[in-house]
Amino acid sequence: MNLSHTSETPRVKNHSHPVAFVTGGSGGIGTAICNALHKTGHRVIAGYYNHGDPSKAKAWQRSQHDAGIDIDIAYIDVKDFDSCQKCILNIQETVGPVEVLINNAGITQDVTLKNMSQTQWHQVIDTNLTSVFNISKAVLTGMLDKQWGRIINISSINAHSGQFGQVNYAASKAGMHGFTKSLALEVAKKGITVNTVSPGYIETDMITHMPLRIKEALVHNIPVGRFGHPEEIGRIVAFLADHESGFITGADFSVNGGHHMY
């Protein structure tokens, strides 16, 4: 089911399965997160953008269905406050309130600060960080009403270590954890947890298509001697989303094979 670009009749709400919304859900890490949440009994909805064209998201959805994984898709422009409000309201009306939010959408526009344009700065900040405000704001009232919720923000190793040519990206990802800690304090007594997961170099398509010499140089600096698997990110997200993880909040989980320790 496509919750935004379709005339299909929505399925009946099923309150026995917590509703989980994953932004950037069809990417490498996003897919693993969606699959992990599906396996742990969540009703999963993957957010997509692609300038409003649902064709890639629908093809991804079909591939998941063929693998026995039933995931809904919903259009959202995470940069736009009104789009986020509309998307979450549509999910609430057709499926039920979002109880688990995974802020996973993100982009890079790599260039040194000397050569970085305002557009390159704002595109990354708005997509990676302002989006966390936009969507968390949209779901928070429902979580407060229910007195339960999980918000998990997907940051990056480069928020901790920095990276040449990524002042915009590193700033956006570091800002996510400041958001995490502050919101965690605000809602700690309301049954809502807020946490950050910071992946290192994960074997997604971006890594797979790198030249061999670059991959070898990267792996050389990872103590465990390999790239991470997307499923390893999905596993920790599912753990944090569980009802039994209610005493964990305001934390940042580094999943980087020892590449950066602090």
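Tutor: Start with contact, which means heavy atoms within 4.5 Å. By that rule N128 touches A105, G106, I107, Y169, S172, K173 and M176, leaving aside residues up to four places away in sequence. This is a predicted model: local features need pLDDT of at least 70, side-chain atom pairs count only at pLDDT 80 or more, and totals for chains, interfaces and linings use all residues. Residues are numbered from 1 along each chain as its sequence is written, and side-chain values use heavy atoms, with hydrogens and water left out.

Student: Why is N128 called buried?

Tutor: Buried means under 20% relative accessible area, exposed over 50%, partly exposed in between (1.4 Å probe, protein chains only). N128 has a relative accessible area of 0%, so it is buried.

Student: What makes the N128 and S172 side chains a polar contact?

Tutor: A polar contact is a pair of N or O atoms within 3.5 Å; within protein, one must be able to donate a hydrogen and the other to accept it, and residues adjacent in sequence count only if both atoms are side-chain atoms. The side chains of N128 and S172 make such a contact at 3.2 Å.

Student: Which helix holds N128?

Tutor: Helix α4, residues 118-146. Helices (H or I, at least four residues) and strands (E, at least two) are DSSP runs, numbered from the N terminus. The protein comes to nine helices and seven strands.

Student: What makes the protein as compact as a globular one of that length?

Tutor: The radius of gyration is taken over C-alpha atoms; the globule rule is 2.2 Å times the number of residues to the power 0.38. For 262 residues the rule gives 18 Å, and the protein has 18 Å, so it is as compact as a globular protein of that length. Buried residues make up 47% of the 262.

Student: What is the expected span of α6, and what does it reach?

Tutor: The expected span is 1.5 Å times one less than the number of residues. Helix α6 (residues 167-187) has 21 residues, and 30 Å is expected. It reaches 30 Å from its first C-alpha to its last, close to that value. Its buried residues include Y169, S172, K173 and M176. The buried residues of α6 pack against β4, α4, β5, α5, β6 and β7.

Student: How do you know that β4 and β5 pair?

Tutor: Two strands pair if DSSP finds at least two bridges between them. Four bridges join β4 (residues 98-103) to β5 (residues 149-154), and the two run parallel. I102 stands opposite I152 in β5. Six bridges join β5 to β6, also parallel. There, I152 stands opposite N195 in β6. β6 and β7 pair in the parallel sense over four bridges.

Student: What is the order of the strands in the open sheet?

Tutor: The order is β3-β2-β1-β4-β5-β6-β7, with parallel pairing. The edge strands are β3 (72-75) and β7 (252-255), each pairing on one side only.

Student: What makes β6 mostly covered?

Tutor: Eight of its eight residues are buried. I192, V194, T196 and S198 point one way, T193, N195, V197 and P199 the other.

Student: How does helix α1 run relative to β1?

Tutor: At about 175 degrees. Axes are lines fitted to C-alpha atoms, for helices over the stretch in contact, and angles run from 0 to 180 degrees between N-to-C directions. Helix α3 (residues 81-94) runs at about 150 degrees to β1.
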